[in-house]
Amino acid sequence: MVRVPVAATAALRRMTDRARPALRTLARRRHGRPERPVLELAPRPNPYARAFGLLCVVLLGAWLGLLVVGNVRVPVGPMNTTMTLRPSLTGGTKINISPLGALELRSHEAPLRLDVDVDQLDPERSQALVDHPERLSGLQEEVARDVEHGTLDLAVRSCIAVVAGATALGLAVYRRPRRALTAGGLALSLLAASGASALATWNPKSVLEPKYSGLLSSAPSLVGDARSIVSEFDVYQKELARLVQNVTKLYDVTSTLPVYQPDPTTIRVLHVSDIHLNPASWKIIASLVQQYAIDVIVDSGDTMDHGSAAENGFLDPIPDLGAPYVWVRGNHDSQETQKYLRRMKNVHVLDDGRAVTIAGLRFAGIGDPQFTPDRSASPGGNPAEDLAGARLASALRDQRAAGTPVDIAVAHEPSAARGTDGEVPLALAGHLHHEDMEVMKYGTRLRVEGSTGGSGLRAVEGQYPDPIEASVLYFDRDTRHLQAWDEIKLGGLGLTTAEISRHLPEENRP
């Protein structure tokens, strides 16, 4: 009997095991039988990952649905509004009243915010309130009915929007109708839960403690708080009627601008000033830049109202106006405002006589030495402004001695700009809130711009809205001398018109 070593036996067994699959495959091929696939166990998906993915699909689909179709147009009292539901971490209600600003109410706590955009004031309904102030007594019930009707319509439309959005996105992602319907059902449940949360936390007293932004930040001082409105309702009726009338005129005036084609051979400068935190000014400036093919914008200050850091976001549209922006500080603009503008693209801040060349013209300017946002005294010169004018004149002389003469000097206060007489062909200023032009003793032309912001909120405070004013200055490309200027006035003396008047210097008149 032959004994086989154990090691050899183990090796033979391993070789047999390795060859067995190949022999089976060969046998199947020889007998014409197809090879059976080898079944392997696939790893099961993580249930938490699946749930998280479904939640992302539901939220994104619901948001897209609300974004596309989740709004309704509703007349509320004398206003035409658009109501929209938006995802939010804090909830509440935001009422956007362009161009005056926004009003925020802590009306509810839910992951949904109600946005109400005031598109326009209906002239007929507004005029009816002005002509018949006694109708204001029933305005509250009318507004309540309009809001209730709009809210119900918005709720139905929002339900359809979130279900459709989540279902469509679920079908695109999973390609299974059951999963898509599940996503739509979850979106509807989420919206219903948000609505229930809003109803449970509804706070009707939030209208007594609103948060204002933009020009409306001065609204309480303009029409009084809720207590004064209750105690002096007759006075409030008259004030509201006047505000409705003037804001209606402001809407009519700023809605359209006349089209004008300037001479393409000239350098065109848009002079603006004293915007005073009026957001409507940016749309007007952008429209003028496009229509007149403006080469450079010059802002002679008082862009802000209080110069606080909270107001800096108002300046963000400047880089997108379509032209380089030259700016000097006004007495309503702080150093914080100036620092914010220095960091902006396409913005040139002039101070302490700094000079810059843009579009073939050389500018130099100085900021207002005073920061008095609450000053109510009549404008006029003082030693600080005179010293600022002298410093600017000295910088102009240094530029001329260096072979880089300045074409336009810019200051906020006219008394400071007067210090440049004889040192520069043209000086630009603002501050007075009305336009003016004069040739000073030693030949320098002083151009004072009106308020491009219509004096801010004061645009609707007086008997008539203050006009929105700006100017387009035309310069010869070779001599860099002023050839003509257009004064643009929107809504002068309460008129719903845009007035443009052309002016020529004495030496250019035929």
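This is a short chat about a predicted protein model and its side-chain pairs.

Reader: What kind of model is this, and how are residues numbered?
Author: The model is predicted: local features need pLDDT of at least 70, side-chain atom pairs count only at pLDDT 80 or more, and totals for chains, interfaces and linings use all residues. Residues are numbered from 1 along each chain as its sequence is written, and side-chain values use heavy atoms, with hydrogens and water left out.

Reader: How many helices and strands does the protein have?
Author: Twelve helices and 19 strands. Both are DSSP runs numbered from the N terminus: helices are H or I with at least four residues, strands are E with at least two.

Reader: And how much of it is buried?
Author: Of the 510 residues, 45% count as buried. Buried means under 20% relative accessible area, exposed means over 50%, and partly exposed is in between (1.4 Å probe, protein chains only).

Reader: What about the accessible surface?
Author: It comes to about 27,300 Å². Carbon and sulfur atoms hold 58% of that. The areas come from the Shrake-Rupley method with a 1.4 Å probe; for residues, only the protein chains shown count as cover.

Reader: OK, rings now. How many aromatic pairs are there?
Author: A search of the whole structure finds two. Rings of Phe, Tyr and Trp (its six-membered ring) pair if their centres lie within 6.5 Å. Planes under 30 degrees apart count as stacked, over 60 as edge-to-face, and the rest as tilted.

Reader: Take Trp-282 and Phe-314. Why is that pair called tilted?
Author: Their planes are at 40°, so the pair is tilted. The ring centres are 5.2 Å apart.

Reader: Where do those two residues lie?
Author: Trp-282 lies in helix 9 (residues 280-292). Phe-314 is in the loop between strand 8 (296-299) and strand 9 (325-327). So the pair ties together parts 32 residues apart in sequence.

Reader: Is Phe-314 buried or exposed?
Author: Buried, with a relative accessible area of 14%. Trp-282 is buried too, at 6%.

Reader: Which type is the pair of Trp-282 and Tyr-325?
Author: Edge-to-face, because the planes are at 65°. The centres are 6.5 Å apart. Tyr-325 is in strand 9, so this pair ties together parts 43 residues apart in sequence. Tyr-325 is buried, like Trp-282. Ring pairs link Trp-282, Phe-314 and Tyr-325 into a cluster.

Reader: Which charged residue sits over the ring of Tyr-174?
Author: Arg-179. Its charged end is 5.0 Å from the ring centre. The rule asks for NZ of Lys or CZ of Arg within 6 Å of the ring centre and within 35 degrees of the ring normal.

Reader: New topic. How many salt bridges are there?
Author: The count comes to 13. A salt bridge is a side-chain nitrogen of Lys or Arg within 4 Å of a carboxyl oxygen of Asp or Glu.

Reader: Which residue does Asp-351 meet in a salt bridge?
Author: Arg-329, at 3.0 Å from N to O. Asp-351 lies in the loop between strand 10 (347-349) and strand 11 (355-358), and Arg-329 in the loop between strand 9 and helix 10, so parts 22 residues apart in sequence are tied together.

Reader: Are these two buried or exposed?
Author: Asp-351 counts as buried at 11% relative accessibility. Arg-329 counts as buried at 8%.

Reader: What about Lys-489 and Glu-469?
Author: Their side chains meet in a salt bridge at 3.7 Å, N to O. Lys-489 lies in strand 18 (residues 482-490) and Glu-469 in strand 17 (residues 468-476), so the pair ties together parts 20 residues apart in sequence. Lys-489 is partly exposed at 28%, whereas Glu-469 is buried at 5%.

Reader: Which residues are linked in a network of salt bridges?
Author: Glu-435, Arg-447, Glu-449 and Glu-487.

Reader: Last one. What is Thr-337 in contact with?
Author: Leaving aside neighbours within four places in sequence, Thr-337 is in contact with Met-304, Gly-307, Asn-312, Leu-315 and Trp-327. Contact means heavy atoms within 4.5 Å. Thr-337 is found in helix 10 (residues 335-342). Thr-337 is buried, with a relative accessible area of 0%.
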